Every structure is written in C-alpha cells, then in structure tokens.
Amino acid sequence: RYYVEKAKRFQNMGADSICLKDMAGLMSPYDAYTLVTSLKEVLDIPLQLHTHYTSGMASMTVLKAIEAGVDIVDTCLAPLALRTSQPAAEPLVVTLQGTERDSGLNLEGLLDMGDYLESILTKYSEYMETTRISVIDAKVLKHQIPGGMSSNLIGQLREAEALDRLEEVLNEIPKTREELGFPPLVTPLSQMIGSQAVSNVLFGRYSMVSGPVRDHVLGLYGRPPGKIDRKVADIILKDYDGQKKPINQRPANLLDPEVDKAFQAINSISSDVDDMLIYALYPTTGMKFLRIKHQIDPIPDEMKQKTFADVIHKLDSSSIEDPPSTHPSDKVRYFNVYVGDDFYKIGIDPTQLTTKPTETESEPDTLLNEKLPDPKSGHGSNLLSPMPGILVKYLVEMGQKVNVGDPVLVLEAMKMENSLPSPITGIIDSLPLKPGSTVAKDAILASIAPLDPL
C-alpha cells in the first residue's frame, strides 16, 4: 500500500515513468511479483525495475517482475554483470525468446559486444573485485548495504586506520538507519548513514554528528519513510543553530538563491557554469580544486602523476637511470612456491638500489602534529582531529569562552562536514590552522585553556 500510494502521487505530479530501485539486491522474486502486479493495476506510465546481483536473487527477481508485467528491466553485459552489478542480459534474452515478453534483442550482437569488453577489460583488472571468492554476498540480506556504499566504508575505515572494525560498522548501520527513519540507502543518504555509523563506532554513538545528518533529521532532505527516534533527534539537534524542530514543508522552499553568490565567489578564477556548480556543492574543497585547476595554486604532491621513483619509495635517482634489466643477474635465487596443488618456480634477484633521506622542497599540504604546537606546552587541552580531513572553518574566535560540548570547528572527513565539540570548559587559546588546510589524524586543531577553579 505504501509503494502504491507513493507511485500514484508521482504519476499525478506528472512523472513520465516510475522506477523501483533496489540498490542492494534485497528484493525477493515473489515480493517483486506482488509489487509489480499491484503497481501495474494503478499506473498508466511505464514501470521499470533496477536491481543489483549482490544477494544472488536479481535474475530470479527480474524474471518474476517480467511475468508480472514490468515494462523495463536494467541488465548488464556478461563481462561486467553479477556481483554488485546487474543481472546479465544474455541469459534473460534467451529465456524470453518465443514468449509473449520476447525482448527482440539480437543475441549475436550482445555476444559481440561482450567479446569486445573482454578484449579491453584486462587493462582495468586492478579495479576489479578480488577480495572475495564468492560472486554473491549473502550477508547483504542482513546489513543491507549497497555495493558502492560498501566500498566507501572500507575507504573511510582505512583512512581512519580502523579497517579492523568493519564488522562493527556493518552491525551498526541497520541500527543507525532505523533510528534515522529508514532512509533509502542511495546517494547522498547512503553516504550520510554510513559515515554516521562509522562515527558511532569509532567515537561513541552520536558524539560526532555531520551537518548533513542534522539536516536530514530537520527534514531538509525530505520526509523519511519511517519515524526518526525522538531521543536520537534531541541529541542530534541539541547544538544545532536555529531551528530545532523538523519542518513540515517542501525543503527547497527554505533555500536562498545561490547561483549569483557562487559566481561571485569564483569570478576572479572562472565564469564557467561547471566550475560554479563545483564551488556551490563543495565550497571548501571545490575552491581548492578550482585554484589548482586554473593554475593559481601548484598541484599538491599527492595529485601528481606517480613516477617510477615514487612507486619504489623515492629510491636514489642515480640508481635508476637505466630501466631494470630483463635478464637475471648471477645473484638470482630460485624458490619453489606451492599454492594448493599448483607448483611455481620463482626467481628473486636482489638489486643494488639504496634509499637515502630526501629533503622536502616545500611545506607539505598535510599538516602533522609535529608541525603544530607541542601538546605538552602548557596551553591547556588540545582538540585533535579524529581522522584525516579538511578544516572547513572555525566556529569560535581567540579568547572566546566555550563549554564542554560546544562546537569549535567544522572538519570535512569521510565526505561529510562534522562539527567537533570542545572537550573541556575553557578559553580558546590557539587556532593554529587556516580554513582549507588538510590535516592528518591526531593533528592539533585547537588549543583550549581550562578556566581557573573558583
């Protein structure tokens, strides 16, 4: 009933088609049949199904949806199908041949395109999924995480040096999602829920909340399908500037015009509309990127192309003027390597390459603790960066009094803007960085002098 009423509302608003998006491959075949049958009874516009193969049900689900009358299904050519992708097109085309739902697609043409993909995909093998033997992830039926969201989580935890806590985060996500009203795990909400779950695991539940999650609780991303936990909402909105109760109107009605302001902000750099949109969406990182793009600022080392010397950790350039020899030296040693029932003879040829310390030519973009005030210098309590990120802005000034929990600054980390609270009651003693600075984990972001006891 929920989905039928939602679809009818979209149709009445003038939608040209309705798409059922099953981003984690959770829709079972018989649920698809029931849902599509019900929707086709009330819709006059085309109905489409987009599902992923993650759980292993997608081909069956698509077939049952076709039997129920769905108009369009999303598929993928075989070389890039399955796993977190879509079901393969070729078997479905053959399955439907000679039936009332015959697709009419040319199988030979599909096979030719598949052969072409096979011929070029070896160039991209480093990007292929190799961490699992299984083509399906049955655990998705529990954690319900879309494939793209899963790769983001791994990247975030690796950045925070906490990859060993992935299982905790996977268990936290369904709980966080329920408390926040069961938002659909699609961009940007999937990123918001995933990042909040990571924060909950690493720093304590809702002790660090991103700006977008606060906006979601306020209703600025629209009305969630379920109810947001009231206790969680009170925690999240406690330090929110301005309104503390969810809105009951269309969120876009509350937005001020931004295009002219964005163009004005970049008018000395560019007048291109794409550049304007980059800045409007990501004011801090976007401006940093645009200044590099238009050659106002130099390209940071981490954005430069890697040379052979970089790959082997800046080995002495004098030692690598000539390319490595393709012939083994008289120092080569051979080893027998057994992998299961397979046997390999591997040659190891030691080289004379040596490393030596290199002086940094310019100040690195990443600010480490040793470049900041000494934590033991007597300046009070230091607010440290909980993970690598970018300092967006300070919310306080030098000499300002803050209480425990008051927001001190905004840190962009895990693709989210997070306000970091003061660990003590005191006076802002030091704000050592400039907005836009890239910071490492545990970098000192602010120093707070404790108030003298009465």
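Like charges are joined into one surface patch when they lie within 9 Å, and the residues involved have over 30% relative accessible area and no salt bridge. In this predicted model, Glu 108, Asp 112, Asp 115 and Glu 118 form a negative surface patch by that rule. Asp 112 belongs to helix α5, which covers residues 107-121.

The overall make-up of the protein was then examined. Its secondary structure comprises 15 helices and 14 strands. The chain has 454 residues, of which 35% count as buried. The accessible surface amounts to about 28000 Å². Carbon and sulfur atoms account for 54% of that surface. Contacts between residues at least 6 apart in sequence were also considered. Of these, 63% join residues at least 24 apart.

Two elements, β4 (333-339) and β5 (342-348), each supply two or more of its residues. Strand β5 gives the most, with three residues. Phe 335 lies in strand β4. Its relative accessible area is 38%, so Phe 335 counts as partly exposed.

Charge pairing was examined next. Side chains of opposite charge can pair when their charged atoms come close. The count in this model comes to nine salt bridges. One of the pairs lies within a helix. Lys 8 and Glu 5 meet through their side chains in a salt bridge, with an N to O distance of 3.5 Å. Both residues are in helix α1 (residues 2-12); because they are three residues apart there, about one helical turn separates them. Lys 8 is partly exposed, at 30% relative accessibility. Glu 5 is also partly exposed, at 41%.

Another salt bridge joins the side chains of Asp 71 and Lys 40, at 2.8 Å from N to O. This pair links distant parts of the chain, 31 residues apart. Asp 71 sits in the loop between α3 (58-67) and β3 (72-73), whereas Lys 40 is in helix α2 (residues 29-40). Asp 71 has a relative accessible area of 39% and is partly exposed. Lys 40 is partly exposed as well, with a value of 28%.

A further salt bridge connects Lys 293 with Asp 275, whose closest N and O atoms are 2.7 Å apart. Lys 293 lies in helix α14 (residues 283-293) and Asp 275 in helix α13, so the pair ties together parts 18 residues apart in sequence. Lys 293 is partly exposed at 43% relative accessibility. Asp 275 has 1% relative accessibility and therefore counts as buried, the cut-off being under 20%. Elsewhere, Glu 172, Glu 179 and Arg 205 are linked in a network of salt bridges.

Helix α13 also contains Tyr 279, and the helix covers residues 273-281. With residues up to four places away in sequence left out, Tyr 279 touches Ala 262, Ala 265, Ile 266, Met 287 and Leu 290. Ala 262 is 17 residues from Tyr 279 along the chain, and the C-alpha atoms of the two are separated by 6.7 Å.

Conventions:
Residues are numbered from 1 along each chain as its sequence is written. This is a predicted model: local features need pLDDT of at least 70, side-chain atom pairs count only at pLDDT 80 or more; totals for chains, interfaces and linings use all residues. Side-chain values use heavy atoms; hydrogens and water are left out. Patches are made of residues with over 30% relative accessible area and no salt bridge: like charges are joined within 9 Å, nonpolar side chains (Val, Leu, Ile, Met, Phe, Trp, Tyr) within 5 Å. Accessible areas come from the Shrake-Rupley method with a 1.4 Å probe; for residues, only the protein chains shown count as cover. A salt bridge is a side-chain nitrogen of Lys or Arg within 4 Å of a carboxyl oxygen of Asp or Glu. Lys and Arg count as positive and Asp and Glu as negative; His and the chain ends are not counted. The place of a charge is taken as NZ of Lys, CZ of Arg, CG of Asp or CD of Glu. Helices (H or I, at least four residues) and strands (E, at least two) are DSSP runs, numbered from the N terminus. Contact means heavy atoms within 4.5 Å. Buried means under 20% relative accessible area, exposed over 50%, partly exposed in between (1.4 Å probe, protein chains only).
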